[in-house]
Amino acid sequence: MTDIIEVSQLTKKFKIQKPSSGLKSFFKPEYKNVTAVDKISFAIKKGERVAFIGPNGAGKSTTIKMLSSILYPTSGTALVNGLVPWDNRKKLAYDIGTVFGQRSQLWYNLPVQDSFALMGKIYDLDEIPFKRRLSKLVKLFEIRDLLEHPTRSLSLGQRMRCEIVASLLHKPQILFLDEPTIGLDVTAKEIIRDLIKKQALEEDTTLLLTSHDTDDMEKVCERVIIINKGKLIFNDSISALRDSYLNKKYIEITTEGGKKIRTVVNTKEKPTKQAIDELVKKYHVTDMTIENPPMEEIIKEIYSRE
Amino acid sequence: MNKYGSLFWISFKQAWSKKANLSGMLFFLFILIFIYNCLWEAIAAESMEAGLNRVFIWYLLFAEMIILSNPKIDRTLFDDIQSGTMAYYINKPISFFFMRYAEALGNMSVSFLIMGGFGAVITLVLTGTPPFEWWQFPIIFAMCFGSSCINVLLYTTVGLCGLWLASIRTLGMAVERLAFILGGAIFPLSIYPDWFIDIAKWTPFYSFYYLTIKLVYDFSWANLAETFLLNTFWVVLISTFVVLTYKKLIKRVNIYGG
Amino acid sequence: MAARFLKLCKLFLFIQKSNIKTAFLNKSDALINVIMMTINNLSFVFMWWVIFENKGSVNGWHFEEMALLFAVMNNAFATFALFARGIQLLPEYIDNGNLDNFLTTPQSSLFLISTSESTFANWGDYITGFLMYFLSGYVSWKSFWLMVLCSFLAFVLLYSFRLIMSCLAFLISDSQRLGDNIFMAMITFASQPASIFTGWYKVLFLTIIPAGFISLYPVSIIKDFNWPNFIILIGGVSAFWIISLLFYRWGLKHYSSGNRFGVR
């Protein structure tokens, strides 16, 4: 299998105006350089599902935006499906789909299906194949009932399903998803993850997904790239990450008296189920939550082992 | 300071910090004064009325200070009504209408003052000293500032029409045009035919703009009194409309929830 | 190339069709707006008519010349507002990062941005424009087609100028009103009798604020066609068009996709 995305030494610096007031800053504003992405290199094979993980402001979105031809890099190179994104914007657009969780590509006041129709025109799709494609996606993403509603009347989860359909209409080989589950509740997150994975498996779509939620990558992806402060700090399979870093569960129980007890379980030494059984035997448990270690914890671990 | 005073002051400071906005506005004012100075100079040269531009450009400056300082409160109110934002304020211990009005006045004051200072310098350089006596300046300035407050009030009525209309964009434009024509905000009404002035006299624009600004070159205590009384009459009338419409609006929000 | 162009035309028609469909959801509202716009324009015409009634002529311009100017100006603005108004929203798209959506499509992002907004009421400008042409007293087949051509060139100039102003947003945030104001200044410039600008002012009138390509040259060409003026007009408009495209291309390289923070 060949690499569909190749990135080498990719760097992006932003010039940021220093916040200040007064007449002086009006005529001569001060700037400082911020390195959002710092010499990142990696490769992704065709059909792979890769998660791009890191805390807020780590440079995930910036990287995705460079790969999807929105931003020009400061230095470094990248090839997406054999093309340099920022030099082949229109050509590459047919091969990629993009979903930005915090932005909408659907027309706010138009019914969803009108937005889809316009998308079809923009991507030069012919009438009949477009309809066939749309009905397939509508079925897959279960949005038949939403088609006649204007975008503004949809819930966030419904809107996200429609956004993904809109970006899949032209059958892209690569799908970039930037925070697709942001702001969604647990059930909606679950649905979106399932759908994304199902679609990718069915059509052999290469996925690159950013998130700051570790669940997103565990449910959807095979490989994970972690970046922090613009630097790549981990690039391996999910199972490798799980073995070495994601091997802890945070369990919090509430006992009958309302007392809260928090324990950390190392799943390598003791399966989660066994730990729960022990707790239930020992205390009179009324409530229980089980959590993965948060992103910051994992990053701290990675640094500490280097 | 009471809450409306604070709102005024906050939006004053906010407007003051928006440098790009202010420079754009001053640029536009400069262009207007410059263009109409060219025009009046050309007209004065042809009709042998020297000094025509000096009188009319000072007049224009005060007219534009009133018209251009309008912070588009009609759009704000309209959006609030249409989007239902208004409903969120209804249970707060503050009158939604006066909140927006105070904010708009804060905004307007910044524009009014800045345009006044900057415009006076340009007009002085381009045309010469103003046609009024120095001691009259505070009175004229206060009257024009008053008109500017009334101008904002006038636009609140446009915004409140969102109660019945699906879009107020063209209505707002129409009011602006009426101010320009019936209020003589570009060319003083005195150049228009008599039948037209007779029509204008029956509209609020006549005293809000023309009579008020005319004090710049035709100041007398009698004119001042006439302007003041007419303005007061129209303000009462408009306020009544605002109060009635606003009550209706509140009722609707209470029933349908915005 | 030709096939590409044909596809773009089809997309253009599709977008316009849905614009009209949206406007006609409320038919009476749409028509009232068009009529109000026409009345708005005519009231402005009336104001100038009064000036010319009073003073006869201004540096050689009469009401007839002014009527031709109104024809070109209104038609150009109608074209802008109906088919390319979205370019006015570019600063907003840049500030909130929505430009991303336009950049990831295979079509020209400029085309999609420009057609993303349209105000139906501005059909009233076409009504005013053609009415003023017929009132100008310079009516003939030749002058009619020249008027249409000049209106189109004036539209291209308006568009290019607005694009340059919109590109300011790549440099400074919150530049929406600044751009709007400069654009308004340009339109005000263009709506005066061109004869009042002489000497150095005329230079300014054709360079920094290129309103002369909307008022001065079109009017003189429609009145009395001559090649040198026509070539200057075409040259000036093309120059601004090319400069604006270069500006946009330069801006895209500096686009930071909503990553600009720190200023408000």
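# Sheet, interfaces and confidence in a predicted complex

Author: In chain A, three strands make an open sheet in the order 11-10-12, with antiparallel pairing. This is a predicted model, in which local features need pLDDT of at least 70 and side-chain atom pairs count only at pLDDT 80 or more, while totals for chains, interfaces and linings use all residues. Residues are numbered from 1 along each chain as its sequence is written, and chains are lettered from A and ligands numbered from 1 in the order in which they are written.

Reader: What makes strand 11 and strand 12 of chain A edge strands?

Author: Strand 11 (260-266) and strand 12 (285-291) of chain A each have a single partner strand, so one side of each lacks a neighbour in the sheet. Strands are DSSP runs of E with at least two residues, helices are runs of H or I with at least four, and both are numbered from the N terminus. Neighbouring strands of this sheet are turned by 20° against each other on average, direction ignored.

Reader: How do you know that strand 10 and strand 11 of chain A pair?

Author: Pairing requires that DSSP find at least two bridges between two strands. Strand 10 (residues 248-255) and strand 11 of chain A have seven bridges, in the antiparallel sense, and therefore meet that definition. Tyr250(A) stands opposite Val264(A), and Lys249(A) stands opposite Val265(A). In the hairpin of these strands, with four residues between them, Gly258(A) has a positive phi near 85°. Helix 10 (residues 272-282) of chain A lies across strands 10, 11 and 12 of chain A, at about 20° to strand 10.

Reader: Why are helix 8 of chain B and helix 2 of chain C called roughly parallel?

Author: Their axes come within 10 Å and cross at roughly 15°. Axes are lines fitted to C-alpha atoms, for helices over the stretch in contact, and angles run from 0 to 180 degrees between N-to-C directions. Angles under 35 degrees count as roughly parallel, over 145 as roughly antiparallel, 65 to 115 as roughly perpendicular and the rest as oblique. Helix 8 of chain B and helix 2 of chain C are therefore roughly parallel.

Reader: Which residues meet where helix 8 of chain B touches helix 2 of chain C?

Author: Among them are Met173(B) and Arg177(B) from helix 8 of chain B, and Met36(C) and Phe44(C) from helix 2 of chain C. Contact means that C-beta atoms, placed from the backbone, lie within 7 Å. The residues of this contact divide into eight nonpolar, four polar and one charged. Here Ala, Val, Leu, Ile, Met, Phe, Trp, Tyr, Cys and Pro count as nonpolar, Asp, Glu, Lys and Arg as charged, and the others, Gly among them, as polar.

Reader: How many residues do chain B and chain C give to their contact?

Author: Chain B gives 28 residues and chain C gives 33. Helix 2 (19-47) and helix 8 (169-181) of chain B are the elements that give two or more residues to the chain B side. Helix 2 of chain B gives the most, with 16 residues.

Reader: What confidence does the predictor assign to chain C?

Author: Chain C averages a pLDDT of 89, and 97% of its residues score at least 70; pLDDT is the predictor's confidence in each residue, from 0 to 100. Over residues 260-264 of chain C, pLDDT stays under 50. The complex has an ipTM of 0.82 and a pTM of 0.83 from the predictor.

Methods:
Two residues are in contact if their C-beta atoms, placed from the backbone, lie within 7 Å.
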